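Notes below, in the order I looked things up.

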Amino acid sequence: MIAALILIVIPVLLFVLGFLYETYISFKRLFKPTYTRESYVSATWEVTHTILIFAVVMLLMLFTQVLDELASAIFLSTLLAGSAMLVRAICYLQIFYVRKKQRINWVDWVFALSHVVTALFLVVTVVKALWFLYQNNPPVNSQFIPVFIPGLIVVLGLVSIPMMVLYKTKK
């Protein structure tokens, strides 16, 4: 069970760190509108979402026998997090692809605040999932752990260097 939790919790914690930085950039844009699409996206999205996808895949692959119960436990918070991400995506498209002039308005504020709402619901989802695992102690589909642990190391190795470079250069 410890190996399974490591495969889920480490990527989630790294995602949270990256997403906090993404949130910081979204608020920084409010006061420094010269922050462009390139500086926002290239510094964050691909890395953070790769890590989040890894964590979700681990959760699904390692606890296959209780997926229906787990899905019920995290349904509402996941739906709300996804809704906040949808709002964030709509604002992103408006700000960086539709709008012609770079001026800060209410859409930029909704964009920045949607990061906070998304983060809150994602944290609630992770806490609910971990609480479910703690309470129910479901069987772990451990046949994949010998492959997934090296996989985590490879993923972290492949994304950590570009992540550090991007986060250092995109202030």
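I started with the largest pocket, which has a volume of about 660 Å³. Keeping in mind that this is a predicted model, I asked next: which residues lie nearest the centre of the largest pocket? I got Leu52, Val56, Leu122, Thr125 and Val126, out of 29 lining residues. Helix 1 (2-31), helix 3 (45-62), helix 4 (67-98) and helix 5 (106-136) each give two or more residues to that lining. Sorted by class, I count 25 nonpolar and four polar residues in the lining, and no charged ones.

**Then the core**

The largest nonpolar core holds 20 residues, and Leu7, Met58, Leu59, Leu62 and Phe63 touch the most other members. At least two residues each come from helix 1, helix 3, helix 4, helix 5 and helix 6 (145-169). Helix 3 supplies the largest share, five residues.

Skipping neighbours within four places in sequence, Leu7 is in contact with Phe54, Met58, Leu62, Ile145, Phe148, Ile149 and Leu152.

**Whole protein**

I find six helices and zero strands. Of the 171 residues, 37% are buried. Among contacts with a separation of 6 or more, 86% join residues 24 or more positions apart. Last entry: the protein exposes about 9700 Å², with carbon and sulfur atoms supplying 76% of it.

Terms used
Residues are numbered from 1 along each chain as its sequence is written. This is a predicted model: local features need pLDDT of at least 70, side-chain atom pairs count only at pLDDT 80 or more; totals for chains, interfaces and linings use all residues. Side-chain values use heavy atoms; hydrogens and water are left out. On a 1 Å grid over the protein atoms alone, a cavity is a set of points where a 1.4 Å probe fits but cannot get out, and a pocket is an open set with protein on both sides within 12 Å along at least five of seven lines; lining residues have an atom within 4 Å of a point. Grid points are joined across faces, edges and corners, and a volume is the space filled by probe spheres set on the points. Helices (H or I, at least four residues) and strands (E, at least two) are DSSP runs, numbered from the N terminus. Ala, Val, Leu, Ile, Met, Phe, Trp, Tyr, Cys and Pro count as nonpolar, Asp, Glu, Lys and Arg as charged, and the others, Gly among them, as polar. A nonpolar core is a set of buried Ala, Val, Leu, Ile, Met, Phe, Trp, Tyr and Cys residues joined through side-chain atoms within 4.5 Å. Buried means under 20% relative accessible area, exposed over 50%, partly exposed in between (1.4 Å probe, protein chains only). Contact means heavy atoms within 4.5 Å. Accessible areas come from the Shrake-Rupley method with a 1.4 Å probe; for residues, only the protein chains shown count as cover.
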